[in-house]
Amino acid sequence: TRAHVDAMEQARVLNCFITETPDLALKQAEASDAKLARGDAGPLEGLPLGIKDLYCSKGVRTTAASRILGNFTPTYESTVSGNLIRDGAVTLGKLNLDEFAMGSSNETSAFGPVISPWKRKGDPDAKIVPGGSSGGSSAAVSAHLCLGATATDTGGSIRQPAAFTGTVGIKPTYGRCSRWGIVAFASSLDQAGPITRTVRDAAIMLRSMAGHDPKDTTSVDAPVPDYEAAVGASVRGRRIGVPKEYRLDGMSAEIAALWDQGVAWLKEAGAEIVEISLPHTKYALPTYYIIAPAEASSNLARYDGVRYGVREPGKDINDVYEKTRAKGFGAEVRRRIMIGTYVLSAGYYDAYYVRAQKVRSLIKRDFDAAFAAGVDAVLTPATPSTAFAQGEQGSTDPVEMYLNDVFTVTVNMAGLPGISVPGGVGANGLPLGLQLIGRPFDEETLFALGHALE
Ligand code: GLN
């Protein structure tokens, strides 16, 4: 823990942490030492982790990387971070992210962007983004500031930052982890998961994070398997679907080659590769960017300057609301709230929101059909490119930034588990990730296949 605290303090230039809690960490580490000495250590005893600042931490400021929560200290611990602490984990601090988890580059944080520890070949001064929204998590794990980190994934925020930093990230099946105490973005899409350096570490961390929680009615009451046992299991004879619709027009040769490499590796490990069709793929991004803002606009209505968080003074209650929200939310969050309230408004609800929900069912049925036909998992690239430098993408056109999520959002729309594992580096020396998508509640197959790709 001391070594990790030192590393965290020496790497402040990366801006991974919004709040560091070294004193708490060292206290937890001492308690872990005592437990280890007594022989009643938990499965994560004494392991220093980082916590995405979207998870409420009891007695520790929790901001969601927003000005509006700049003074918010929860009196409770989120179920998932509580599970990690129960199992012996040490918590080093709260990791930076895009504001309210909205973004793909960690550039929307009110606490400044995170810088990836990776360098672009021949371009040592470029500030490379760590992906988003879990950019503090991916950069901190990649830079060895912590052994693993919690993250959340609404449309790709675990898998894309993992791909951008050469780390492993898994978004489990919707319902696998409790969402209680995690600041809500889009409740029907949000899931917690880990970012780690290896597939085995991800399996160990997820086992502690997952499980039923009576405080979240969408968490599923099913036993959590021993995920670590799946790491190293044979993948011989497993059927891997390669969806032709993901071979986008204009896909770069580098990403196409990464995908072919993934196919070759799995074949070598004894898996069988089949071409599949997921015909509604092209509607996933536009429908995600209706459903996610709609749910966000509803969830973010609670930040009114009255109940908690920052309050701007005003002449009457409406003035307080207006000033608090105008000052408290950044540009991307305000954009999502406006899109969301628009698609939910009386005149447009059926045309946009209800329609998008119908398309969402079609996207899910595409996957159901592939799994019913005997496919065990689906292999795709995790992202359409390697990481970029700050300001290079989406700085004038937000839709350009949204295109980053093209391979990841379908998984959230269908509620499926998805893992991103490192697949090598591009010509610019930056990491590339491969994504595996599994059947509902079959994270074990993803750990087995993910390990075969390592
Ligand atoms: N980049 C996506 C968005 O901005 C996904 C974010 C996430 O998964 N939290 O909505």
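Predicted model: local features only at pLDDT ≥ 70, side-chain atom pairs only at ≥ 80, totals over all residues.
Trainee: Why are helices H9 and H11 called roughly perpendicular to each other?

Mentor: The axes of H9 (residues 284–299) and H11 (residues 331–344) cross at roughly 100 degrees. Angles of 65 to 115 degrees count as roughly perpendicular, so that is the word for H9 and H11. Their axes also come within 7 Å.

Trainee: Which residues make the contact?

Mentor: From H9 there are Ile-290, Pro-293, Ala-294, Ala-296 and Ser-297. H11 brings Arg-336, Ile-337, Ile-339, Gly-340, Thr-341, Val-343 and Leu-344. By class, the contact has 8 nonpolar, 3 polar and 1 charged residues.

Trainee: Now to H1. How do you know that its buried residues line one face of the helix?

Mentor: Good one! In H1 (residues 2–10), His-4, Val-5 and Met-8 are buried. Looking down the axis of H1, these buried residues fall within an arc of 105 degrees, so they line one face.

Trainee: What makes a residue there buried or exposed?

Mentor: A count of other C-beta atoms within 10 Å: 20 or more for buried, 12 or fewer for exposed. His-4, Val-5 and Met-8 are buried, while Arg-2, Ala-3, Asp-6 and Gln-10 are exposed, on the face turned away from the buried side.

Trainee: And what covers the buried residues of H1?

Mentor: The cover includes strand E1 (17–20), helix H2 (22–38), strand E2 (48–52) and strand E3 (90–95).

Definitions and conventions
Residues numbered from 1 in each chain as written. Axes fitted to C-alpha atoms, helices over the stretch in contact; angles between N-to-C directions. Helix = DSSP H or I, 4+ residues; strand = E, 2+ residues; numbered from the N terminus. Parallel < 35°, antiparallel > 145°, perpendicular 65-115°, else oblique. Contact = placed C-beta atoms within 7 Å. Nonpolar A, V, L, I, M, F, W, Y, C, P; charged D, E, K, R; others polar. Arc of directions from axis to C-beta.
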